[in-house]
Amino acid sequence: MADRLNGYRILILETREEAQFSRLLTEQGADVVQCPMFTIHDAPDPAPIEAWIRHAIERPLDDLVLMTGEGLRRLMAVVRRLSLEAEFVGSLSQTRKFARGPKPGRALREIGLEPQVTTEKPTSEGVIEMLSKLDLKGHRLGLQLYPDKDHAALINAIKAQGAEVDTVLPYVYDAQAADANIVTAIEEMARGRIDAIALTSSGQVRRLIDVAKAHGCEAELREGLKQTPIASVGPVVSDELQAHGLRTDIAPADGAFFMKPLISAMATALASSPPRAGAR
C-alpha cells in the first residue's frame with residue numbers, strides 16, 4: 001500500500017505530533033510540506049511543575065487526566081532532571097489514568113504505563129462527558145493542561161463532582177515565531193503548489209485565520225483554500241472549518257478520527273486526480 005500518495009504535495013500544520021504525521025505521509029510517498037503552527041517551550045518557571053511532581057510522588061493521585069502527549073513528555077523531562085523517574089512512574093502506576101484521545105496514551109506507553117480510559121471525543125467536552133459517569137467525590141485528581149485554552153469549564157465540572165483538582169501546565173506556546181511559516185504556506189496554496197492541506201486540530205483552523213488577518217492575507221488564504229482540497233481528521237475540526245465558512249473535502253470514516261485513517265482517506269480522494277504540475 002506504499003506510494004499511494006506518490007507525487008502529491010501535502011501541507012501539514014502539526015506541531016506536537018508533526019514528526020510522526022510527516023513520517024506516515026512520507027511512507028505513502030507524499031512530498032510533505034511542514035508548517036509548524038507555533039514553537040513549544042518548557043514553562044518559563046519550573047518551580048510549580050517540580051512541586052506538582054514531588055507532591056504526586058509523596059501523595060499519589062487518585063486520578064490523572066492527561067490532555068496531551070506533549071504534556072506528559074515535558075513532565076517526564078523535568079522528572080528525569082530531578083532524578084525521580086522511578087518514583088514518579090511508580091506513583092502513576094497506582095493512579096487511575098485518563099487520556100484525552102490517543103496521543104496521551106502513546107506517551108504513557110513510552111514509560112511503561114497504560115491509560116485506564118481514553119475519551120471517545122478528544123476534546124475537553126469529551127473529558128467532561130467521560131468523567132461525569134464516574135464517582136469522583138473526595139478524589140484528588142491531577143489535570144495536565146495545555147496552553148491557549150480556557151480550561152475553566154473543565155476544572156469547574158470536575159470540582160462540581162466533589163473532586164480536588166491539582167493542575168499542572170508544563171509548556172507554553174510561542175506563536176509569533178511561526179507566523180512567517182504560516183504566511184509562506186498560505187502563499188504556496190494560493191499559487192496552486194499544494195495538493196491538499198491536512199488539519200488535525202480545531203486550533204490549526206483558528207490559527208490560520210488569525211495569522212492571515214494579522215498579516216493582511218485573509219483573501220489570499222481563502223482563495224488558496226478554494227483550490228486546495230481540505231482534509232479534516234474529524235468532526236471537531238470540520239465544525240471549526242464550517243464556523244469560518246470553509247468546507248471539508250476529505251475526512252476519515254465515522255469513528256476513525258486518527259492520522260492513519262485520515263491518510264488513507266486522502267490517498268483515496270486524491271487518486272482520482274493527478275498531482276498538480278506546480279506542486280511537483
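Is Tyr-173 buried or exposed? In this predicted model, Tyr-173 is buried, because its relative accessible area of 16% falls below the 20% cut-off. Let's start with this residue and its partner, and then look at the cores and the helices.

**An aromatic pair**

Tyr-173 forms an aromatic pair with Tyr-171. The two ring centres lie 5.9 Å from each other, and the planes are 55° apart, which makes the pair tilted. Tyr-171 is buried too, with a relative accessible area of 0%. A search of the whole structure turns up 2 aromatic pairs, and the Tyr-171 and Tyr-173 pair is one of them.

**The nonpolar cores**

In soluble globular proteins, nonpolar side chains tend to be buried together. Here, the largest nonpolar core holds 66 residues. Within that core, the residues with the most contacts are Ile-10, Leu-25 and Leu-143. Helix 12, which spans residues 259–270, gives the most to this core, contributing 7 residues.

| Helix pair | Residues | Angle | Axis distance |
|---|---|---|---|
| Helix 2 and helix 3 | 47–58 and 69–81 | about 80° | 10 Å apart |
| Helix 9 and helix 10 | 202–214 and 218–226 | roughly 135° | within 7 Å |

With an angle of about 80°, helix 2 is roughly perpendicular to helix 3. On the helix 2 side, the contact is made by Ile-49, Glu-50, Trp-52 and Ile-53. Helix 3 brings Leu-75, Val-78, Val-79 and Arg-81 to the contact. Sorted by kind, the residues of this contact are 6 nonpolar, no polar and 2 charged.

In helix 9, Leu-208, Ile-209, Ala-212 and Lys-213 take part, and they meet Glu-218, Leu-221 and Arg-222 of helix 10. This contact divides into 4 nonpolar, no polar and 3 charged residues.

How values were computed. Residues numbered from 1 in each chain as written. Predicted model: local features only at pLDDT ≥ 70, side-chain atom pairs only at ≥ 80, totals over all residues. Heavy atoms only, no water. Core = buried A, V, L, I, M, F, W, Y, C linked by side-chain atoms within 4.5 Å. Buried < 20%, exposed > 50% of the residue type's maximum accessible area, 1.4 Å probe, protein only. Helix = DSSP H or I, 4+ residues; strand = E, 2+ residues; numbered from the N terminus. Axes fitted to C-alpha atoms, helices over the stretch in contact; angles between N-to-C directions. Parallel < 35°, antiparallel > 145°, perpendicular 65-115°, else oblique. Contact = heavy atoms within 4.5 Å. Nonpolar A, V, L, I, M, F, W, Y, C, P; charged D, E, K, R; others polar. Phe/Tyr/Trp six-rings, centres within 6.5 Å; stacked < 30°, edge-to-face > 60°.
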